[in-house]
Amino acid sequence: MIHTVTPNPALDLTYRLAHLQVGEVHRADDVTETPGGKGINVARVLAALGHEVDCGGFLGGSTGEHLEHLLSHSSVHQDWTLVAGETRRTVTIVDEAGATLINEPGPPVAHRDWERLSRAVQARTRAGDVVVISGSTPPGTGETDLPDLVRALVDAGAQVIVDTSGPALLTVAAAGPAVLKPNHLELQAATGLDDPVAGARELLRRGAGAVLVSRGSDGVLLVTADGAWLARPEPISGGNPTGAGDAAVAALAAAVASGAEGAALAGHLPDVVALSAAAVLMPTAGAVDTDAYARLRTSIRTEPLDAAC
Ligand SMILES: O=P(O)(O)OC[C@@]1(O)O[C@H](CO)[C@@H](O)[C@@H]1O
């Protein structure tokens, strides 16, 4: 079973217009609202591929209720930890140049809220299950809240995948997750190292089992104790890259759930890259073009970078 945790879910509003001009009034050609936040996107992609998956995190207010209602149209099971504040909205503006995002901070939470969340996630997790924790943490989150959740789940025998950023990358690595998924800029900022292989190895040294570095149109880099591998997508023009990283995490979670670890994870990189590209082809985050996924995964090659570290 795969569980996802989104500490800071969002009602994603996506506006399409021809050309975004700062300081001007725009009339959108189209607007959609979808249940979002990185872990929810991971869950929606996994559900679209036929996996049984649930999601949890902090939810509150009428925006939270609306998000829950929208998500109830999918097969994703929901188990929210309710908080007093209002779930946030995020705005994505897609124009000819790409996607521009404005993310609200989210409702404040306290340490006792994280304790309730931790108990709820542990209650539905069995040894061997995969738990994906993705996205930013809401205001009020303490330095130890996320690492403590990861450690509790690792101690309970779960395989934990974390997509986070900032100094939390270093503290979460020490909690022993199966995989960490920063993008190359987040990895550089957290470790201070320009070389992504060196940065990933720093996270391995601190305790992560593997590190998957997403590099946008340059594909993904996987670093484990057994070596490093690179996989690149075919060039894609246009589309909405919001949520491409979440689709990559979904493919990774499916791989880990199938028993892949260490060097065997490299065999799943074509799935990771193809699913991520298939997400770019869809108008909103959390959706994938399944035909494109099936077509693209056969054309992606994985290249080993060097010998074991
Ligand atoms: O503020 P965070 O948690 O870092 O990112 C939130 C977010 O922008 O990421 C997703 C795309 O990856 C969107 O669905 C969502 O609104």
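Student: Which residues are buried in α3?

Tutor: Please bear in mind that this is a predicted model. A residue counts as buried when its relative accessible area is under 20%. By that cut-off, the buried residues in α3 are D113, W114, L117, S118, A120 and V121.

Student: Which exposed residues does the face of α3 turned away from its buried side carry?

Tutor: The buried residues of α3 are covered by elements including β1, β4, β6, β9 and α4. On the face turned away from the buried side, the exposed residues are R112, R119 and A123.

Student: Which residues lie nearest the centre of the largest pocket?

Tutor: The largest pocket holds about 1,200 Å³ of space, and 48 residues line it. By class, 15 of these are nonpolar, 22 polar and 11 charged. Nearest the centre lie P241, T242, G243, A244 and G245.

Student: Which elements give two or more residues to the lining of the second largest pocket?

Tutor: The second largest pocket has about 230 Å³ of space. Of its 13 lining residues, T137, G142, E143, P167 and A168 are the closest to the centre. The elements that give two or more residues to this lining are α4 and α5.

Notes: Residues are numbered from 1 along each chain as its sequence is written. This is a predicted model: local features need pLDDT of at least 70, side-chain atom pairs count only at pLDDT 80 or more; totals for chains, interfaces and linings use all residues. Side-chain values use heavy atoms; hydrogens and water are left out. On a 1 Å grid over the protein atoms alone, a cavity is a set of points where a 1.4 Å probe fits but cannot get out, and a pocket is an open set with protein on both sides within 12 Å along at least five of seven lines; lining residues have an atom within 4 Å of a point. Grid points are joined across faces, edges and corners, and a volume is the space filled by probe spheres set on the points. Ala, Val, Leu, Ile, Met, Phe, Trp, Tyr, Cys and Pro count as nonpolar, Asp, Glu, Lys and Arg as charged, and the others, Gly among them, as polar. Helices (H or I, at least four residues) and strands (E, at least two) are DSSP runs, numbered from the N terminus. Buried means under 20% relative accessible area, exposed over 50%, partly exposed in between (1.4 Å probe, protein chains only). Contact means heavy atoms within 4.5 Å.
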